Amino acid sequence: MQRWLETPPIPSAKAWWQKQARQTRTGLVVAAVFALAGTFSLCASLSRPVPLSATVEGAASVANYAPPLVQEKSAPDAGKVWAATKTWQGTAIRETEQFTVTGHWRVDWLFSPTSPTSTFQVFIYASDGRTLMFIAADSKGGSDTSFWAGPGTFSLRINSNGGDWKVGVQDLH
């Protein structure tokens with residue numbers, strides 16, 4: 001280490017460079033140019049602010065596919081009737097077709113597990129099929145209902161890893 005500190009680095013670097021083959025030197029120069037250009041590009045992009053219009057447009061496009069949806073403890077059903085919208089049943093994973101609800105609606109489910117490690121989940125997605133809105137069910141067995149407020153078009157993803165299930169969507173009229 002001490003010898004290295006005593007020897008000036010430029011002559012030893014020059015000697016190393018001259019020992020390299022012509023193709024190696026060319027490759028190293030090209031790599032250095034690309035690394036330098038990439039560094040300058042990164043530094044320039046960090047100093048530019050994101051235009052507000054791009055941020056607003058991105059949020060607006062998500063909002064177009066994701067209608068407002070709120071979970072309720074129970075639905076205001078005085079004088080109204082529940083009408084079945086769709087029903088599905090199975091034993092494995094399923095992505096449902098889209099369904100449309102008008103205001104207050106519910107997801108009813110029944111799950112009969114085949115083992116103590118069986119699980120069951122129901123996810124609510126917006127009409128684009130990619131925007132996860134809420135989890136309607138997460139259980140190891142039994143039945144229950146989750147209530148929702150918000151009109152729109154949705155689909156469900158039903159996950160089950162062992163057991164029979166039945167899921168229904170009902171709209172309040």
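Good morning. Strand 1 and strand 8 (residues 142-149) run antiparallel and are joined by three bridges. Strands here are DSSP runs of E with at least two residues, helices are runs of H or I with at least four, and both are numbered from the N terminus. Two strands count as paired if DSSP finds at least two bridges between them. Within strand 8, Phe 147 is the bridge partner of Glu 72.

Before I continue, a word on the source. This is a predicted model, in which local features need pLDDT of at least 70 and side-chain atom pairs count only at pLDDT 80 or more, while totals for chains, interfaces and linings use all residues. Residues are numbered from 1 along each chain as its sequence is written, and side-chain values use heavy atoms, with hydrogens and water left out.

In which order do the five strands of the open sheet lie? The order is 1-8-5-10-2, with antiparallel pairing. Strand 1 (70-72) and strand 2 (82-90) are the edge strands, each pairing on one side only.

Strand 10 (residues 163-172) deserves attention. Strand 5 (residues 104-113) runs antiparallel to strand 10 and is joined to it by nine bridges; here Trp 105 stands opposite Asp 171. Strand 2 also pairs with strand 10 in the antiparallel sense, over eight bridges, and Thr 87 stands opposite Gly 168. Why is strand 10 described as largely enclosed by the rest of the structure? Because eight of its ten residues are buried. Buried means under 20% relative accessible area, exposed means over 50%, and partly exposed lies in between (1.4 Å probe, protein chains only).

Next, the loop between strand 1 and strand 2, where Ser 74 is found. Ser 74 has 48% relative accessibility, so it counts as partly exposed. Ser 74 and Ala 149 are 75 residues apart in sequence, and their C-alpha atoms are 9.8 Å apart in space.

Finally, the surface. Trp 16, Trp 17, Leu 28, Val 29 and Val 33 make a nonpolar patch of about 460 Å². Areas come from the Shrake-Rupley method with a 1.4 Å probe. Helix 2 (9-19) and helix 3 (22-47) each supply at least two residues, and helix 3 gives the most, with three. Val 33 lies in helix 3 and is exposed, with a relative accessible area of 52%. Thank you.

Methods: Patches are made of residues with over 30% relative accessible area and no salt bridge: like charges are joined within 9 Å, nonpolar side chains (Val, Leu, Ile, Met, Phe, Trp, Tyr) within 5 Å. A salt bridge is a side-chain nitrogen of Lys or Arg within 4 Å of a carboxyl oxygen of Asp or Glu.
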